[in-house]
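Student: Before we discuss the open spaces of this protein, may I see its sequence and structure?

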Amino acid sequence: MRMKNLVIVGFGGMGSYHVELVGAASGITVTGVYDVAPDRVAAAEQKGLPTYTSFEAVLADEEVDAILIATPNDSHKDLAMQALEAGKHVVCEKPVTITSADLEAILAVAKAENRTFMVHQNRRWDSDFLIVRDMVQKEAQIGNVFHIESRVQGANGIPGDWRHLKAQGGGMVLDWGVHLLDQLLFMTDSPIKSVSANLSFILGDEVDDGFTSFITFESGVTALIEVGTTNYVKLPRWYVKGTEGTAVIHDWDLSGEIMAPDRTVAKVEPKPIQAGQGLTKTMAPPSEESTTRSPITKVEADMPGFYDNFAAVLNGDAEPIVKNEEVHRVLRLIEAIFEAGEQGEVVYM
Ligand code: NAD
């Protein structure tokens, strides 16, 4: 099968990283770059990549099979639609669009042109996420998972320039939120019931610098999703409760542990402990004798890498791992989070 030629449009922080991602995959090769900024064009040329002088020139090049869009969020829709209309397949960075209606417009063109459109939801392959997904789906390590807390927290505020601007699709719900929400829906096999949210504007930007959302599923599972950029001390990346234990994963280094009741021994009643100015048995730690403590162990991905999958989809050999209806569902959830945060009300889905 012939290698598929991919041109990167938007050679900034993420666009340039795709050179490595594509390089590690089979069936796709990066054959060029287009960026509106001269310094980014120069950066591409320094890496030995051919560059184009206009987006139209990329579209007109019949050797180009696919285009990666890694530009600021507000430009994804128009660039994607033009690329699809020109007969190119498209990989688009997240968040695919700012509204679900914009995604619907893109998908209508992709369907009419019979072209593949896939969104780079790369954090479906993160090791920390794969461990939690395994816990949720196999119900093996901590029983039936009924509560998931997923957080990313930093102390550096909103990065960059366009991420501060509402018109460009800035803010943390659309930036990091889309990753955490995509992960949540990718591992949870239930319709969403309700969404509440608090958007943070503590840094005085016109866009949110973080948010907290509480999501309930019809299955009864609940989730707390939090993105913060004003956290000098951060909470664990994951805190997951199941009927047979609790798991904590502190960070991307996979440090953490699983505490579970040891069903092979008789339960030892906790002894009251001194707590502040009182005594408590309720909040005493579980007894060492009837509890097991295990480390977090890595889970290998049970799916090919993003670009391997993209190449297989183009060749008609596979279904996309990131399905457009899943991406659409995440955007609908994001819209509910904005509505819940702005109205101060619970949104029922
Ligand atoms: P960036 O500002 O570093 O880079 C954007 C680049 O696009 C710049 O070089 C800019 O000159 C160029 N550009 C702007 N408008 C253009 C146009 N019309 N045509 C061609 N080039 C244009 O931003 P970034 O951090 O690389 O983010 C780009 C996209 O990638 C965003 O959608 C962002 O959300 C996404 N992203 C995804 C991940 C991930 O993990 N999947 C990580 C970071 C960023």
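Predicted model: local features only at pLDDT ≥ 70, side-chain atom pairs only at ≥ 80, totals over all residues.

Student: Which strand gives the most to the lining of the second largest pocket?

Tutor: At least two lining residues come from each of strand 10 (238-242), strand 11 (245-249) and strand 12 (256-261). The top contribution, 4 residues, is that of strand 12.

Student: How many residues in the lining of the second largest pocket are nonpolar?

Tutor: The lining of the second largest pocket includes 5 polar and 5 charged residues. Its nonpolar residues number 12.

Student: What space lies in the largest pocket, and which residues lie nearest its centre?

Tutor: The space in the largest pocket amounts to about 730 Å³. Its lining comprises 28 residues, and nearest the centre lie Met14, Ala70, Thr71, Trp162 and Arg163.

Student: Which helix gives the most to the lining of the largest pocket?

Tutor: Two or more lining residues are given by each of helix 1 (13-23), helix 4 (76-85) and helix 7 (172-187). The greatest share, 3 residues, belongs to helix 7.

Student: From which domains does the lining of the largest pocket draw at least three residues each?

Tutor: By residue type, this lining divides into 12 nonpolar, 8 polar and 8 charged. The domains that each supply at least three of its residues are domain 1 (4-120) and domain 2 (124-255 + 296-302 + 332-348).

Note on methods
Residues numbered from 1 in each chain as written. Heavy atoms only, no water. 1 Å grid on protein atoms, 1.4 Å probe; cavity = no way out; pocket = protein on both sides within 12 Å on 5 of 7 lines; lining within 4 Å. Points joined across faces, edges and corners; volume = space filled by probe spheres on them. Nonpolar A, V, L, I, M, F, W, Y, C, P; charged D, E, K, R; others polar. Domains from an automatic or database assignment.
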